[in-house]
Amino acid sequence: MTQHSATVIARANIALAKYWGKSDVALNLPAVASISVTLEPMRTETTVTFDDALAADEVSLNGKRADGKPLTRAIKVLDQVRALAKRSAHARVESSNNFPTASGLASSASGFAALVAAAWSAVDLPRDDVRWSALARQASASAARSIYGGFVELPRGVPGDAGLAAHPIAPADHWDVRVVVAVANEGPKDVGSTEGMTLSERTSPYYRAWVDSSDKLVEEVRAGILARDLTKVGEAMEQSTLAMHACMMASRPGLIYLQPATLSALATVKQLRREGVEVYATMDAGPHVKALCHARDAEKVAAALGSTPMVLRTLTAQPGGALERIS
Ligand code: DP6
């Protein structure tokens, strides 16, 4: 019996300029560029073991055996790695997150980044961040960004560009900011991002406007990060978030990811700003509010969000490092 195994850690990321929409569905290319910050300590740890004795691929997520779509998506990644390595053994994948899965906290981003890198390393291919990022992007575009640490950009995809990958724009220690996550709900979301963005493209009258408005916001977020200008990044991030949610909501049927706790947390963020604390909010395809602020204000922001009605709890994250192989 032959076994080849590798374990990696990837960190979640949060988009400061949002990705929503595809320019090539088959290759999973984004219709807009996006920029994220990789988050420490929100981690996925994944072990992939290729084992000749296995009759089929087996995937467990947080100790529970996966089936349906998550299993199919993981098998697609394993098939690509097997084809590259000219191997045929099936694999056992064991993946766990230290934050809520499938609730808008970007677990698919760290999950697919970790899966690609662990599978690739288990078949003894040499580390290749660009190819990992491109493979991860095909599985879930936000995952392309979790290969790298710090502040990361994924460009818009030109249809047919199978190699599109993310690239870092500044390292984790470039800027001492914090992301305070106000957890609104622990359950999984109703409509996943892939399905949601396809629906928006097909039915939302604001989809074109969203795509057309994104370039300017991406420029502002990038320039703001490089200049460590929280006002510039925060204002562009809030507009990117709300433009994306307006596009989602105008879909048919409407995609409403925001919940009462979300609006209540947004009111707290506004109130903090009125009190002179520089803090800005973003939400993904889920109800949680992620508040971006200076490190020195993080405790105050966490205390205010933590005592906001309907917010369950808060988590505080900081810019984190690139994907790591640990065994
Ligand atoms: C709202 O990367 O999950 O979080 O490529 O279809 O897997 P697929 O979508 P996914 O979408 C993330 C959307 C978002 C914004 C963002 O992270 O940029």
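Keep in mind that the model is a predicted one.

Let's begin with a bit of background: a pair of packed helices is described by the angle between the axes and the distance between them. Take helix α1 (residues 68-85) and helix α2 (residues 107-122), whose axes sit 10 Å apart at an angle of about 30 degrees. Angles under 35 degrees count as roughly parallel, so α1 and α2 are roughly parallel to each other. The crossing of α1 past α2 is right-handed. On the α1 side, the contact is made by Arg73, Ala74, Val77, Leu78, Val81 and Leu84, and α2 brings in Phe112, Leu115, Val116, Ala119 and Trp120. Sorted by class, that contact has ten nonpolar residues, one charged and no polar ones.

An N or O atom in the Arg73 side chain is 2.9 Å from an oxygen atom of the ligand. Around the ligand there are 18 residues, and Tyr19, Lys22, Ser140, Ser142 and Thr194 come nearest. For Ser142, a side-chain N or O atom is 2.7 Å from a ligand oxygen. Ser193 also has a polar side-chain atom 3.4 Å from an oxygen atom of the ligand.

Now for the other pair, helix α7 (residues 260-274) and helix α8 (residues 298-306). Their axes come within 9 Å and cross at roughly 140 degrees, so α7 and α8 are oblique to each other. This crossing is right-handed. Here Ala265, Thr268, Val269 and Leu272 of α7 meet Val301, Ala304 and Leu305 of α8. By class, the contact of α7 with α8 has six nonpolar residues, one polar and no charged ones.

Methods
Residues are numbered from 1 along each chain as its sequence is written. This is a predicted model: local features need pLDDT of at least 70, side-chain atom pairs count only at pLDDT 80 or more; totals for chains, interfaces and linings use all residues. Side-chain values use heavy atoms; hydrogens and water are left out. Axes are lines fitted to C-alpha atoms, for helices over the stretch in contact, and angles run from 0 to 180 degrees between N-to-C directions. Helices (H or I, at least four residues) and strands (E, at least two) are DSSP runs, numbered from the N terminus. Angles under 35 degrees count as roughly parallel, over 145 as roughly antiparallel, 65 to 115 as roughly perpendicular and the rest as oblique. A crossing is left-handed if the near helix is turned anticlockwise from the far one by less than a right angle, and right-handed if clockwise. Contact means heavy atoms within 4.5 Å. Ala, Val, Leu, Ile, Met, Phe, Trp, Tyr, Cys and Pro count as nonpolar, Asp, Glu, Lys and Arg as charged, and the others, Gly among them, as polar. A residue is near a molecule or strand if one of its heavy atoms lies within 4 Å of it. A polar contact is a pair of N or O atoms within 3.5 Å; within protein, one must be able to donate a hydrogen and the other to accept it, and residues adjacent in sequence count only if both atoms are side-chain atoms.
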